[in-house]
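Please open the model in your viewer and keep the selection panel at hand. The tour below goes from stop to stop, saying what to select and what is there.

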Amino acid sequence: MKLILYFYIFFLFLLLGPAVSAQENNEPVETRVGKLLAQMTLEEKIGQMTQIDFSVISVENGQDADDPVDQAKLDDALFNYHIGSILNAPTTPNNKAQPIEKWRNLTQVIRDTTFRTRLQIPVIYGIDAIHGANYTRNAVLFPQAINMAATFEPELSFQEGKFTAKAVKASGLDWNFAPVMDIGRQPLWPRLWETYGEDVHLVGAMGEAFIKGHQADDFSAADKAPACLKHFVGYSFPINGKDRTPAWIGERMLREYFLPGFEAGVKAGAATIMVNSAEVDGIPGHANYKYLTGILREEMGFTGFTVSDWEDIIRLYSRDKLAASPSEAVKIAVMAGVDMSMAPFNYSFYDLLLQLVKDGEVPLSRIDEAVSRILRVKFQSGLFDRQQPALAAADNFASREAVELNRRAARESIVLAKNDGQLLPLPRQAKVLVTGPTANSLSVMNGGWTITWQGNKDELYPQDKPSLYRALLEKAGDRVSFVGGKRFEDEINIEQAVSEARNNDYIILALGEKPYTETLGNIETLDLPPPQLQLARALQATGKPIILVTFGGRPRIITEIANNAAAVVLGFLPGMEGGIAMADILYGDVNPSGKLPITYPRDTNGITPYDYKPSEEFESNRYWPLYSFGHGLSYTRFETSNLQLDKTSIANGEDINVSVKVRNTGNLTGKEVVMVYLHDVAASVTRPNRQLKAFRKVELKAGEERTLLFTLTWRDMSFIGVDMRRIVEPGEFRVMVGNETATFSVVKN
Ligand code: BGC
């Protein structure tokens with residue numbers, strides 16, 4: 001009888017539960033946050049601020065188990081520590097992409113368990129889905145960010161965001177640690193390729209588009225998910241090029257180069273922000289009150305929550321010696337403005353913060369503030385709606401449209417840097433030798449965060465996606481021969497390559513880097529590893545025309561090889577469709593349209609960016625890269641002309657309209673990126689020689705001409721003045737498009 005009564009109560013609870021939350025659904029988010037917060041104990045609040053790695057709740061070797069959740073450990077996490085978030089794939093550090101059904105089941109187990117907790121607060125499950133859902137097996141894995149930037153097509157970034165959010169949600173996951181809004185101005189840094197390149201405007205445009213696709217206006221929708229801007233701020237500029245090492249960025253540089261991307265992301269509605277794992281001007285990101293609270297909250301008006309990076313709060317003590325104890329580290333980080341701690345392997349953050357609040361060292365008001373921000377995002381994400389299990393996988397995961405988008409993005413992201421005597425496209429009947437360490441591997445085209453963290457397990461890559469060699473074989477059959485291995489590491493027999501080269505008309509030499517990310521990708525020089533140079537020199541000696549193809553995340557120095565090559569095609573990390581896309585370009589089935597989103601250095605110290613200062617191009621100083629930012633050839637030709645401005649002078653707050661004609665003067669349909677640069681001729685702070693302020697990619701048939709209109713805003717003319725405030729100074733400005741320049745002046749009111 002007692003049992004029946006229990007069942008009755010249980011079913012009544014099930015019936016009423018959703019009814020109550022449905023009613024609450026109509027209330028404004030702020031009301032719901034306030035009501036929930038009022039019911040929470042201190043322990044429950046601090047739990048919300050704690051994020052653990054999946055391994056903490058996993059059975060041993062969870063990456064290989066069908067049911068990886070250890071229910072007892074999960075119960076401990078949720079009932080004893082009330083944790084608010086989980087991250088990562090089973091099981092760190094051996095994490096690897098999991099089948100979608102497994103993801104759906106394991107996240108459902110977590111969801112079901114949260115519904116048994118006192119307040120039924122959902123866990124927000126975060127994942128690095130930085131080029132598609134890279135931890136779900138068989139996901140569509142797009143070109144990495146550096147390639148997306150090379151497309152100069154924000155629409156592609158928008159679509160990537162849209163398809164990635166769908167794949168994340170179909171995997172039962174809630175939250176994506178993307179996009180990276182760090183600006184890529186340090187070519188040695190092993191995460192350069194995770195950025196949208198070196199330009200302020202391009203970074204903002206690509207990131208904003210990604211967020212809009214990923215979140216839209218309402219990310220409670222079943223196929224949308226909150227994004228996470230990272231890593232706030234200055235992470236990408238380590239002075240020695242090594243990951244997680246100091247940057248020295250003055251306030252003006254911070255505001256002119258490093259903040260605008262994040263500002264664009266916040267404006268686009270990004271729900272969360274991850275903190276810089278390193279330090280700027282001697283202050284670790286996680287201790288930087290001025291950045292995390294002063295700039296991010298008070299100036300930029302960010303209302304979402306901040307999450308620490310991996311284990312970084314405790315590192316204020318264990319690495320940086322900023323704190324004298326683990327407890328002080330927690331206090332500093334929380335008081336600086338970190339809302340959630342990616343702990344991630346234990347509950348020490350929880351224990352220490354609880355004690356700090358009890359001891360009056362951290363005020364409850366700060367806890368309430370952080371928890372409100374977390375709950376707000378959880379409500380906005382629709383996580384409290386228990387009627388909503390994972391999004392259906394059919395049509396949302398690995399859809400035909402996503403694959404097509406991926407191929408298009410890969411094709412548009414490849415940069416034809418050199419093409420002497422129009423050697424490319426290759427004639428179909430030509431006999432071609434393919435060789436080099438990046439010729440026959442999928443991992444070298446995908447980079448880190450692919451199936452595994454480092455992305456280097458070729459054996460786990462999908463069998464149906466061709467490497468460059470296999471894609472060429474599919475196109476040209478037995479006219480293609482190959483010397484090399486299956487992995488980057490496999491040694492290449494130089495003698496064999498040379499003798500094979502003699503039987504062929506052309507050599508496609510594929511060089512570059514193996515996959516990597518974070519500190520494991522640190523290097524001592526941008527020079528290519530010596531065996532690659534040896535191979536290149538031996539092949540050059542044959543006198544056969546060389547088409548140099550590169551894959552990899554950084555601009556490794558290729559100057560000598562490129563100078564001796566007839567053609568150079570820069571692939572960077574074009575993703576799973578990279579082999580097909582590269583083969584399409586080499587044989588002219590696709591007309592290349594990618595443009596460099598970074599300056600490609602000629603030498604190891606060639607780290608001057610395109611928007612250099614006057615003194616960097618003065619006397620014997622030169623901006624003399626191998627390939628400039630924005631460079632990229634086509635199989636047709638384009639000309640811009642008739643650059644016009646609608647005014648010759650403007651006053652306070654006014655915009656100026658720019659028009660320019662672009663014409664395809666060649667014989668093929670092609671895509672061109674028209675770039676509008678601005679230069680402030682004289683100012684109280686030295687100004688860059690030019691800065692990209694607007695761009696548009698257009699497709700034109702042979703002979704077709706189009707007039708493009710752009711608007712330059714007052715903000716485009718501004719800079720960070722002597723007093724650190726954004727200003728526009730009166731005087732002359734130059735607008736540059738192609739070979740033309742037009743001038744206007746800003747007059748005093
Ligand atoms: C990386 C972040 C990433 C996080 C979670 C960190 O090591 O710096 O970019 O989001 O791990 O995987």
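A residue is called buried when its relative accessible area is under 20%, exposed when that area is over 50%, and partly exposed in between, as judged with a 1.4 Å probe and the protein chains only. The model is predicted, so local features need pLDDT of at least 70 and side-chain atom pairs count only at pLDDT 80 or more, whereas totals for chains, interfaces and linings use all residues. Residues are numbered from 1 along each chain as its sequence is written, and side-chain values use heavy atoms, with hydrogens and water left out.

Begin with Ile557, which sits in the loop between β15 (546-551) and α20 (559-564); helices (H or I, at least four residues) and strands (E, at least two) are DSSP runs numbered from the N terminus. Is Ile557 buried or exposed? With 11% relative accessibility, Ile557 counts as buried. If you show its surroundings, and set aside neighbours within four places in sequence, you will find Ile557 in contact with Leu526, Asp527, Leu528, Pro601, Arg602, Asp603 and Thr604, where contact means heavy atoms within 4.5 Å.

Next, select the ligand. Around the ligand there are 13 residues, of which Asp128, Arg191, His231, Arg244 and Asp309 come nearest, a residue being near if one of its heavy atoms lies within 4 Å. By class, this shell has six nonpolar, one polar and six charged residues; Ala, Val, Leu, Ile, Met, Phe, Trp, Tyr, Cys and Pro count as nonpolar, Asp, Glu, Lys and Arg as charged, and the others, Gly among them, as polar. Taken alone the ligand exposes 310 Å², and the protein buries 96% of that, with accessible areas from the Shrake-Rupley method and a 1.4 Å probe.

Now select Phe232, which, together with Leu353, has the most contacts inside the largest nonpolar core, a set of 163 residues. Such a core consists of buried Ala, Val, Leu, Ile, Met, Phe, Trp, Tyr and Cys residues joined through side-chain atoms within 4.5 Å. A second, separate core of 50 residues includes Leu141, Ala439, Ala510 and Leu586.

Finish with the backbone. The peptide bond from Ala343 to Pro344 is cis, with omega near -20 degrees, and the bond from Leu424 to Pro425 is cis too, with omega near 0 degrees. Trp449, a residue other than glycine, has a positive phi near 55 degrees, and at 5% relative accessibility Trp449 counts as buried.
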